[in-house]
Amino acid sequence: MSLRTDPGSIKVNGTAKTFRSSDWAERGFCEICGSTLWYGTVHDGALNLSAGLFDNAAGAEMKIEFFADAAPKGYALAGDHKKLTTQETIALFAPDEDAQ
Amino acid sequence: MTRSAVGKCLCGDVRFEAQDVPETFGVCHCEMCRRWTGSALLEVSIPEQSLVRHGKEHIATRQTSEWAERGWCRNCGTGLFYRVTMAGEWSGSVDIPLGIFDDPNGFVMSHEIYIDFKPDSFAYAGEGRKQLTRQQCVEKFSLLGNDPADASQGRIDQGETT
């Protein structure tokens, strides 16, 4: 769960480490405690900050769920937020690529 | 009923095989689990002796409270386990995040704890699991003691874990 922020708007201090998880993104975590910090898109440097870093998720409202059909069957997120399937998520972010 | 299962972190440096895997998982909304995972810890509890890990040199650990430690992959940051270290009735098992199983399906949510600490922004659908507030947890699990909210009191412990 993450909060989108504008590219370049976040200043990071401390023991963050990143892992390039795909061609388009890297994941940040704390080297000292392993806490999830962000999901960052490489093309613009924008950080989607882990919602758990903030008290009460900074009061944010859940708007959209990606890869919703891929969620393990044991749980589902309640609510009427937008839910995109794997295919819809990929189409949203990589519209020029061949569909899987 | 239990079964065997395998899993790994995102980068594959750490892999595990487990026996005696239950069909249920629990959810914890305490502040430590919230910060660590970004949402909540969805965990499958397995007897320690039923777990075999590969790539242990890639596991970093931290004693995050008086009673438990957490482990993650040094390379990709994937959360690997929560383990009670305090001797007593709650030691002897390892809690594995649901999502790192190769097949995370087939598990049923049996309990959801620290429910009063859950952020307003999300909730899990469905019914049937037992929900416990922080107070109910502290009363039920004596090892929680006074449950300090300040996770920075933990100490770092790099290297191989049991």
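**Strands and contact**

S6(B) and S7(B) make a hairpin, with four residues between them. Strands here are DSSP runs of E of at least two residues, helices are runs of H or I of at least four, and both are numbered from the N terminus. This is a predicted model, where local features need pLDDT of at least 70, side-chain atom pairs count only at pLDDT 80 or more, and totals for chains, interfaces and linings use all residues. Residues are numbered from 1 along each chain as its sequence is written, while chains are lettered from A and ligands numbered from 1 in the order in which they are written.

B:Gln63 is opposite B:Glu69. In S6(B), four of the five residues are buried, meaning 20 or more other C-beta atoms, placed from the backbone, within 10 Å of the residue's own.

Now chain A. Its open sheet has five strands in the order S1-S5-S4-S3-S2, with antiparallel pairing. S1 (2–4) and S2 (16–20) of chain A are at the edges with a single partner strand each, so one side of each has no neighbour in the sheet.

Last, the contact, counted where C-beta atoms placed from the backbone lie within 7 Å. Chain B puts in 35 residues and chain A 28. On the chain B side, H1(B) gives the most, four residues.

Notes. Buried ≥ 20, exposed ≤ 12 C-beta atoms within 10 Å, placed from the backbone. Pairing = 2+ DSSP bridges. Contact = placed C-beta atoms within 7 Å.
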